Amino acid sequence: MYAETFRKRGGGGMALGYSRRTGELPAEVTGFVGRSAELDRTRELVARARLVTLVGPGGVGKSRLALRAALTLKGNYADGVVLAELSSLHDPELLPQAVATALGLAEPSGRVLLEVVMEHLRQRRLLLVLDTCEHHLDACAFLADLLLREAPGVTVLATSRQPLDVPGEHTLYVPPLACDDATTLFEQRAAAVVPGFRINAGNHQDVLALCRRLDGIPLAIELATVRLRAIPLDQLTARLEQRFRVLTGGRRSAVLPRHQTLRTAIDWSHDLCSAEERLLWARLSVFAGPFDLAAVEEVCSGAGLPRDEILEHLIALVDKSVVLRVQRDGDDGSRYRLLDTIREYGADRCAALGDEQERCRARHRTHYLTRVQHFYETVLTSEQVTLYWELYRDLPDLRSALDYSLSRPDGIRPGLEMAARLWPFWLTAGLSEEGRYWLGKGIDADPEPCRERALAMLWRSLLALVQGDLEPALAGFEATRKMAGQAGSELDLALATGYTGGVRWLLGDPETGQRLLDEALARQHRINDRLGLVVFHYQKGYMHAVLRDSDAAVEECEKALLLLGDESGECIIKGQILVIEAMAAWGRGEPAECVALARSGLHRSREVREMFGAANSLELLAWGAADLANPSRAAWLLGAAGALWRKVGSPMMGAAVYLDDHARVERAVRAELGDAEFARLFAQGAELPLDRAVELALMDADTPATRLPRQPESAPGDMLTRRERQVAALVSEGLTNREISEQLVISKRTADAHVEHILAKLGFSSRAQIAALAGHPQGTVTATGPEAAPPQ
């Protein structure tokens, strides 16, 4: 009789569906030089075509051009710009996950992720930047083709070493820098290495010769400038000339192929490294994404590189611009990365060192498996949130480690254990489908009974349950019971028995369900596994809440809270438990208590930007507001919750009893406000960013227009430096870039760069918008007063 309680595309166990938006554009940390023609052409193409691909060799600056263009075009798209970086993606099957993560989408319940991505994008007007598509050309081409046909409001700006070859694609070849721009780049980067460096009559010919020899390739120029720390410019130019003469047999063709030029430049930089630095460079190539010092020490130390010397050599590679420090919002500068071209070069060198690459990948896998085990063992402590975000930012390397393990016969079981121990992460990050993918890949590869296989089968079944796939989940739990018995894995047997009982109860067999739940609880008490007991009780509480047995739901929740303890510092599960108790209060007819509990749950879980829990909480807060005679608040909260449900899956996980409540509340609020006012407030709530919706809900805002006292809005000009404010003020007076350069005693190219940077920072696309900013009431672009800097 309870089979209809859940709908196929919704229900299952209690989901921990968290997500974090990672698709924001990174901040520019160095000046953008030249490319005005290419930038204008890119904007022109994007304005009239929905798929534009920037093509060119590695290191030529395709990604930088795409990001600059995207920054200046951001204001043209109602839903902004989203960046999906693909260079660290090892498996083309995970492309939908990468795009969904960039969009801030949690994986849905019981639906194909690509369909959800497309459904989301059909309703949006945004610019999607797909960076480094050459790694998975066919998959990117398929996605781009699908977007062109089914998401009319989406424009795709791609970068690739070759076209995607999709109907409707417009390509723009990104050439090396022109001579003037190349020398400007050299001057800018050289000044960062040798303070005060300027191009003058005495060194102009050397700079020109060096830039020409490097064919104007930005990466090659940047690699060359760092050598100025060690040798004078004239010697630098002579040494580079000598290297090219040797490599080209004593003469150089009219145009040395670009890839050979870049390879030569990287070879040269490589040769100037010490033996230890070269070895570290090769070993660092096993990292798929950004990494920290601890990871480098663990993975890269060994023969030829003592652990206590790693930092010294890492700093040397940073100084040589081989390794870059990560400078993004949320990063403290303690993480590093390799450019894609540099990583590929290092991987080639590593592969040439015999078994070195295999040893590095094995150490890499072991390092991340250890990290995962630590997260799992401490998931109920105050370390939970910090470790969760550390794993989230290391997702490219988690994927790489899993891919390596599950492709080797001796790595399948470690890979299975790693993927299984990540189950709280998969759920929390909203990556249930990806978790099922890795677990399924390992299960299929190793059919023999073992503890790791039982563990993997258990948590793959839970992920299926969360996604609303009840029948596959039930079959999986029953198969896990058999496998765990064969492998002697008592904990997995206990957990699988409990889940089997819960699903059977929800499917209309309470007698069998209760018997299995009792058996599971007895087994778990004998084992005394704290995490297992917490999960057992709070998910049983959710089941009782769905069945409208509020007292039993609260009793199970209190048991889970008692096991967690007041001082544990855990917030993810506590947030979920509070939401379940809010559901129970609603079921008892106590809207005020429901609101208080839902608000507490929202406050507890916002540290991980939990979409699923936020959607549940906002929904319950809307119901409470409606019953407590605040229809305006209820309307915008319903809109905010509805927007989140579209991202995470079926509203209220498809539970029929709650869908009925939702429909009743919406009818009542609409009747009280009238259709027009309800639609207005609902739409305003739906447009709110997650963080703002949560803050407004926590402060009991009656309308979404309420100002947040802790988040005063800053004027646009506050984003600008003092020099940029000077330039903006002169633009507003109608001065050309040449006139600005003369007035501020700077080069025209520097003035050009300032104007482009202002446009990028403010998301503007024209000088007229900068001029309009001069009338800002806070006067943030004035060139006078104490903020004005002296001419430079």
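User: Which order do the strands take in the five-strand open sheet, and is the pairing parallel or antiparallel?
Analyst: This is a predicted model. The order is β2-β3-β4-β1-β5, and the pairing is parallel.

User: Which are the edge strands there?
Analyst: β2 (81-85) and β5, each of which pairs on one side only.

User: And what does the twist average from one strand to the next?
Analyst: The average is 20 degrees.

User: How many bridges join β2 to β3?
Analyst: Five, with the two strands running parallel. Within that pairing, Val 81 has Leu 127 in β3 as its bridge partner.

User: Which strands does helix α3 touch?
Analyst: Helix α3, residues 95-103, packs on the sheet and touches β2 and β3. The direction of α3 makes about 145 degrees with that of β2.

User: Next, the three-strand sheet. What's the order?
Analyst: That open sheet runs β6-β8-β7, with antiparallel pairing. Its edge strands are β6 and β7, each pairing on one side only.

User: How many bridges does β6 make with β8?
Analyst: Two bridges, in the antiparallel sense, between β6 (residues 291-292) and β8 (residues 335-338). Phe 291 has Tyr 336 in β8 as its bridge partner.

User: What about β7 and β8, how many bridges?
Analyst: Three bridges join them, and they run antiparallel; β7 covers residues 323-325. Arg 325 stands opposite Tyr 336 of β8, and Leu 324 is opposite Arg 337 in β8.

User: Changing topic to helices. At what angle do α27 and α29 pack?
Analyst: At about 25 degrees, with the axes 10 Å apart. α27 spans residues 572-587 and α29 spans residues 611-627.

User: Why do α27 and α29 count as roughly parallel?
Analyst: Their packing angle is about 25 degrees, and angles under 35 degrees count as roughly parallel. α27 and α29 are therefore roughly parallel to each other.

User: Is the crossing left-handed or right-handed?
Analyst: Left-handed, as α27 passes α29.

User: Which residues meet?
Analyst: From α27, Val 579, Ala 582, Met 583 and Trp 586. They meet Gly 613, Asn 616, Ser 617, Leu 620, Trp 623, Gly 624 and Asp 627 in α29. By class, the contact of α27 with α29 has six nonpolar, four polar and one charged residues.

User: Now α31 and α32. How do their axes cross?
Analyst: At roughly 120 degrees, and the axes come within 6 Å. Here α31 is residues 656-673 and α32 is residues 675-686. The crossing is right-handed.

User: Which residues make that contact?
Analyst: Glu 666, Val 669, Arg 670 and Leu 673 of α31, with Asp 675, Glu 677, Phe 678 and Leu 681 of α32. The contact of α31 with α32 divides into four nonpolar, no polar and four charged residues.

User: Last topic, salt bridges. What's the count?
Analyst: The count comes to 39 salt bridges. One of them joins the side chains of Arg 161 and Glu 134, at 3.4 Å from N to O.

User: Where do Arg 161 and Glu 134 sit in the chain?
Analyst: Arg 161 is in the loop between β4 (154-160) and β5 (170-173), and Glu 134 is in the loop between β3 (126-131) and α5 (137-150). The pair is 27 residues apart and links distant parts of the chain.

Key:
Residues numbered from 1 in each chain as written. Predicted model: local features only at pLDDT ≥ 70, side-chain atom pairs only at ≥ 80, totals over all residues. Heavy atoms only, no water. Axes fitted to C-alpha atoms, helices over the stretch in contact; angles between N-to-C directions. Helix = DSSP H or I, 4+ residues; strand = E, 2+ residues; numbered from the N terminus. Parallel < 35°, antiparallel > 145°, perpendicular 65-115°, else oblique. Left-handed = near helix turned anticlockwise from the far one by under 90°. Contact = heavy atoms within 4.5 Å. Nonpolar A, V, L, I, M, F, W, Y, C, P; charged D, E, K, R; others polar. Pairing = 2+ DSSP bridges. Salt bridge = Lys/Arg side-chain N within 4 Å of Asp/Glu carboxyl O.
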